[in-house]
Amino acid sequence: MSDPSRESAPRSTTDPSRRSLLGAALGGGAGLLLLDRRTATAAAVPRDSAIADTATWGARDPRATIDVLDHAPSKIVVHHTATPNGTDYSRAHAFALARSVQDHHMDVNGWIDTGQHFTISRGGYATEGRHNSLAAVRDGSRHVVGAHTAGQNRLAVGIENEGTYDELDPRDAQYTRLVELCARLCRRYDIAPHEIYGHRDFNATDCPGDRLHALLGRLRSDVAAEVGGDPTGVSWPLLRSGDAGDPVRVLQYLLNEHGASLTADGVYGPATESAVGDFQRSTGAVVDGLAGNQTWNQAVRERGSGDRGPAVRAVQHRLGTAVDGIFGPNTATAVRSFQADRGITTDGVVRVRTWRALLR
Ligand SMILES: [Zn+2]
């Protein structure tokens with residue numbers, strides 16, 4: 001069994017420990033890099049597009065049983081490793097990187113295995129991170145619980161990109177492989193391209209760097225060009241103390257879904273502000289009591305037929321159906337009608353676009 005508290009993602013704004021320790025592990029002086037001094041000069045994407053599994057790159061066994069869920073993930077989170085932008089673009093280096101990250105996550109962070117599902121080297125080689133991730137993708141309806149984004153590890157596939165992208169863009173070979181991997185995941189798991197995020201969209205971190213984060217719009221478009229769908233990302237309103245109205249009421253219901261016990265009165269008073277702060281603390285988000293992108297991204301949950309609870313009440317309240325917290329046939333019909341009215345795919349399931357439309 002994994003220990004979620006020990007496996008929560010780093011929460012500090014700058015991740016100094018992670019940056020320096022990983023930097024030390026991968027930078028100059030690390031013996032493992034001495035094995036891989038031959039550098040490829042071609043910037044072309046390696047023809048070997050297969051994702052190297054854990055056995056191929058020589059992973060250690062995980063320390064405990066990997067938790068595999070019986071549902072597909074619904075989003076992808078892009079990261080950077082915050083390690084040096086090295087110039088060894090070889091396959092051997094990609095494998096050494098995978099081993100080094102696993103050592104760091106197990107020996108320094110105390111995790112059961114590599115945190116992320118996949119890693120892409122600067123040379124454009126993709127490797128499996130946490131064991132069983134590739135098998136889960138091939139299955140198409142299973143998700144390996146990772147340790148890459150606090151609050152999202154049961155819902156999101158995590159992809160680490162070797163390097164630091166605060167001031168530089170990833171190499172073309174790396175970006176091309178990232179598009180390819182995201183497209184494969186979207187196809188296999190039926191993930192919408194607009195559900196590709198950066199780590200900072202959920203947690204208090206700079207990851208994946210300003211430049212890679214700024215590339216995510218293009219990434220969503222490039223992936224949508226391959227798998228279809230509207231790549232436009234969803235952005236959320238900023239609600240704060242003193243606000244009132246239905247969006248506040250939806251927020252209150254969603255906070256209740258995550259354990260708060262607010263009266264859904266549509267008034268952003270001290271109790272709501274405090275509940276937002278508690279929720280932010282529990283999900284590794286920036287703790288400021290303001291409900292903005294990180295808070296909404298963490299709070300919304302897919303809801304459809306058969307689901308119950310406060311989030312369903314939020315949907316019912318906004319659609320004017322009986323507010324009983326049970327997603328039955330009447331709620332599904334109301335959702336379909338609302339989606340048709342707003343130009344959203346009429347599937348009767350409340351996903352991120354429908355949630356956003358419910359706030360308007
Ligand atoms: Zn990250």
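Contact here means heavy atoms within 4.5 Å. The model is a predicted one, in which local features need pLDDT of at least 70 and side-chain atom pairs count only at pLDDT 80 or more, while totals for chains, interfaces and linings use all residues. Residues are numbered from 1 along each chain as its sequence is written, and side-chain values use heavy atoms, with hydrogens and water left out.

Of its 360 residues, 54% count as buried, that is, under 20% relative accessible area, against over 50% for exposed and in between for partly exposed (1.4 Å probe, protein chains only). Taking contacts with a separation of 6 or more, 70% come from residues 24 or more positions apart.

Now for the sheet. Strands of a sheet pair through backbone hydrogen bonds, either parallel or antiparallel. Here 5 strands make an open, mixed sheet in the order β4-β3-β6-β2-β7, where pairing takes at least two DSSP bridges between two strands. From one strand to the next, the twist averages 25 degrees. Helix α9 (residues 216–227) packs on this sheet, touching β2 (75–80) and β7, and its direction makes about 160 degrees with that of β7. Such angles run from 0 to 180 degrees between N-to-C directions, and axes are lines fitted to C-alpha atoms, for helices over the stretch in contact.

With 6 of its 6 residues buried, β2 is largely enclosed by the rest of the structure. K75, V77 and H79 point one way, I76, V78 and H80 the other, and all are buried. In a regular strand the side chains alternate between the two faces of the sheet. On one side, β2 runs parallel to β6 (residues 156–161), joined by 6 bridges, and H79 stands opposite E160. β2 is also parallel to β7, through 3 bridges, with I76 partnered by I196. By contrast, β3 (residues 118–120) and β4 pair in the antiparallel sense over 3 bridges, and T119 faces T127 there.

On to the helices. Two packed helices are described by the angle between their axes and the distance between the axes. α10 and α11 (residues 270–283) pack at about 45 degrees, with axes 11 Å apart. That makes α10 oblique to α11; the cut-offs are under 35 degrees for roughly parallel, over 145 for roughly antiparallel, 65 to 115 for roughly perpendicular, and oblique for the rest. L251, Q252 and L255 of α10 meet T272, A275, V276 and F279 of α11. These residues divide into 5 nonpolar, 2 polar and no charged, where Ala, Val, Leu, Ile, Met, Phe, Trp, Tyr, Cys and Pro count as nonpolar, Asp, Glu, Lys and Arg as charged, and the others, Gly among them, as polar.

Finally, there is α13 (residues 310–319), in which A311, V312, A314, V315, Q316 and L319 are buried. Those buried residues pack against α10 (246–257), α14 (329–342) and α15 (352–358). The axes of α13 and α14 come within 10 Å and cross at roughly 60 degrees. V315, Q316 and L319 of α13 make this contact with T331, A334, V335 and F338 of α14. Just after α13, G320 takes a positive phi of about 75 degrees.

How values were computed. Helices (H or I, at least four residues) and strands (E, at least two) are DSSP runs, numbered from the N terminus.
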